[in-house]
Amino acid sequence: MTNTVTVLAESTGFSAVNTIWVLLGAALVFFMQAGFAMLETGFTRAKNAGNIIMKNLMDYCIGSVLFWVIGFSFLYGDSIGGFIGTPSLFAAGKFAAAGDLPKRVFLMFATVFCSTATTIVSGAMAGRTKFKAYLTYSAVMSGIVYPITGHWIWNSAGSVSYTHLRAHE
């Protein structure tokens, strides 16, 4: 009797174990959002609690949409001079960095890291910025800054990636 997971892995070409492991990792990183929200709420005055929770929620809402629309391709697209990935809307096309993972799983994994990286700064900005200014920061960080700097390091053709630096020794 064949296992359903084995049949699925053989029919799609994806490793089921790797896929489940990456999804579990993505879930744990996603829950870091809640952890940062609680940490930041505990370090600020009670009047800012609602504002902090809303900022953390909006980080994921805005960040995931912008990262999906353009950021993912900036991060993992074919490199343009080691600086930025080739832009493509809505993560269209193939991305070699996904390896033996389904692209949607890889996109989810990358998205939660982008949103969590954006959230880290919200604690320093708690009670110091207007909500609209923070939303602007979140949009710029998720759609432009994080994907481009991530491309430099995590894309194999990025300008400061290990693979790129080793090739130019």
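Visitor: Which residues does Tyr134 touch, not counting residues up to four places away in sequence?

Guide: This is a predicted model, where local features need pLDDT of at least 70, side-chain atom pairs count only at pLDDT 80 or more, and totals for chains, interfaces and linings use all residues. Residues are numbered from 1 along each chain as its sequence is written, and side-chain values use heavy atoms, with hydrogens and water left out. A contact means heavy atoms within 4.5 Å. By that rule Tyr134 touches Lys55, Asp59, Thr118, Thr119, Ser122, Met125 and Thr129.

Visitor: Is Tyr134 buried or exposed?

Guide: Tyr134 lies in helix α6. Buried means under 20% relative accessible area, exposed over 50%, and partly exposed in between (1.4 Å probe, protein chains only). Tyr134 has 0% relative accessibility, so it counts as buried.

Visitor: How far apart are the C-alpha atoms of Tyr134 and Met58?

Guide: Along the chain, 76 residues separate Tyr134 and Met58.

Visitor: What is the order of elements from the N terminus on?

Guide: Helices (H or I, at least four residues) and strands (E, at least two) are DSSP runs, numbered from the N terminus. The protein chain has seven helices and two strands. Their order is α-α-α-β-β-α-α-α-α.

Visitor: Is Leu28 buried or exposed?

Guide: Leu28 sits in helix α2 (residues 16-42). Its relative accessibility is 55%. That value is why Leu28 counts as exposed.

Visitor: Where is confidence lowest in the protein chain?

Guide: Confidence is given as pLDDT, the predictor's score for each residue from 0 to 100. The protein chain averages 78, and 80% of the residues score at least 70. Helix α6 (residues 131-154) is highest, at a mean of 86. The lowest mean is 50, in helix α1 (residues 4-12).
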